[in-house]
Amino acid sequence: MKGYKALIGFCVAGALAFPVRAKADDRIMKLSLSDAITMARQSNFSIKAARSRVDQAEARVVQARQSYLPKVTLSETLMATNDPGAALVFKLQQRSIQATDFLPDRLNNPNAINDFNTSLQIMQPVYNADAAIGRTIAVTAKKAEEHIAVRTEETIGFQVSKVYYGLILARKNIEAVEQSIKTMQEYSNEAAKAFRTGLMTKSDRLSTEVRLSELQEQKLMLHDAIKEATDALGVMLHLDSGVTIIPTEDLVVDGVLPDADHSTVSKDRADLKALETSRLIAGYQADMARASRLPHVNAFLQSNLHSDNIFSGGSSWSVGLTMQWNIFDGMATAGRIQEAKAQKLEAMYNYEAARSNSIAEVDKSFRSMKTAQARIAVAQKSLEESTVSLDYIGAQYKTGMAMTFELLMREQAYTYSKMRLNQAKYDYCVAKSELAYYRGY
């Protein structure tokens with residue numbers, strides 16, 4: 001029997017030791033909201049991806065420089081042949097032809113000849129209207145990606161704010177529930193004493209235990225909410241999974257509501273600027289399609305070195321202009337112009353839709369903020385009243401002058417009032433962040 005008890009004691013000691021060791025390995029990070037947003041802008045993968053798209057757009061701008069920069073090509077070609085015409089031409093290009101090469105028998109049956117052709121070609125655009133417009137499109141597209149990257153940062157910042165406030169809410173609710181558990185534990189002890197002395201029924205005694213179980217369940221669920229909020233915040237900030245985040249701020253409620261004028265939706269909001277830029281790009285694409293009907297003029301310079309032994313022999317050069325005019329391409333250009341016009345209309349409609357939605361979201365956020373402010377006042381008054389009521393019934397209960405169900409009703413109302421107040425403050429802070437996000441200030 002003693003050995004059995006010793007084994008149980010060893011198991012209990014081990015079970016207590018391991019969780020403590022696991023917690024010791026966790027890192028605790030105290031974090032303000034501004035610091036969290038700054039970390040997200042530095043580490044969030046969505047923001048990094050948006051910045052990478054800006055880099056891609058910059059690369060396309062570099063590529064578009066071909067509209068005015070020359071192209072230089074160096075090539076080397078080796079050929080061996082006994083074709084009569086080619087053999088004669090190669091000897092002329094190599095500057096090695098002799099009088100005997102024009103004898104009929106030598107012309108008709110030449111010896112095999114080797115030709116090393118080293119060629120340097122430079123192509124310089126002179127007039128390519130559509131290519132020049134293409135470069136304008138590339139530059140404008142880069143600006144659109146920059147606007148999108150800015151809006152991505154704002155979106156991630158807003159999401160971080162919501163999760164951060166949610167973490168504060170869960171922690172404040174746990175504090176409320178733990179305080180209620182402590183209070184109900186005291187009343188449960190009183191009920192146990194009364195039950196043992198025969199002053200309370202078993203049903204009343206068990207009702208306090210049921211309420212304690214409900215509060216313990218709420219506490220477990222709130223611990224899960226804290227873990228979920230911490231995990232979500234850790235993903236957005238690119239933190240290790242073992243980090244415990246402790247918010248250093250509270251759910252702060254301002255006393256004055258901001259102006260609700262619709263005109264405060266900024267036209268310079270990043271996503272609206274991106275849509276406006278998309279409309280410009282669609283217009284440029286139509287211009288580019290029209291310009292493709294114009295002639296393309298390019299200058300060229302070509303130098304050739306022909307020899308039967310590489311890098312020796314005869315050299316020559318050529319310089320000139322080429323003009324290419326696409327007179328008719330089977331309605332392909334007309335189709336591109338029509339498509340670009342439709343894309344411009346789509347961009348305009350998307351811009352107007354986004355702006356209209358922004359006004360609606362500003363209205364919604366303002367209403368939520370105003371309602372939350374009113375709810376805070378109601379919840380604060382309710383908390384004060386429920387505190388007085390619980391204190392009074394608690395005192396009555398200890399003297400046996402109040403029923404158990406009265407105590408439970410007052411305690412539930414008290415706990416609910418605290419959590420209602422926390423929720424209203426959370427909704428206010430989130431609505432304030434939403435208002436700033438949709439206004440674009």
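I take helices (H or I, at least four residues) and strands (E, at least two) as DSSP runs, numbered from the N terminus. The model is predicted, so I kept in mind that local features need pLDDT of at least 70 and side-chain atom pairs count only at pLDDT 80 or more, while totals for chains, interfaces and linings use all residues. Residues are numbered from 1 along each chain as its sequence is written, and side-chain values use heavy atoms, with hydrogens and water left out.

I looked up Ser386 and found it in helix H9 (residues 332-398). Ser386 has a relative accessible area of 8% and is buried, where buried means under 20%, exposed over 50% and partly exposed in between (1.4 Å probe, protein chains only). A polar atom of the Ser386 side chain lies 3.0 Å from the backbone oxygen of Leu383. Not counting residues up to four places away in sequence, Ser386 touches Ala413, Tyr414 and Ser417, contact meaning heavy atoms within 4.5 Å.

I then turned to Ser266, which sits in the loop between strand S4 (243-247) and helix H8 (270-291). Ser266 is also buried, at 10% relative accessibility, and a polar atom of its side chain lies 3.1 Å from the backbone nitrogen of Asp268.

Last, I checked the largest nonpolar core, which has 58 residues, with Tyr165 among those that have the most contacts inside it; such a core is a set of buried Ala, Val, Leu, Ile, Met, Phe, Trp, Tyr and Cys residues joined through side-chain atoms within 4.5 Å. Helix H6 (129-196) is one of the elements that give two or more residues to this core, and its 15 residues are the largest share.

Notes. A polar contact is a pair of N or O atoms within 3.5 Å; within protein, one must be able to donate a hydrogen and the other to accept it, and residues adjacent in sequence count only if both atoms are side-chain atoms.
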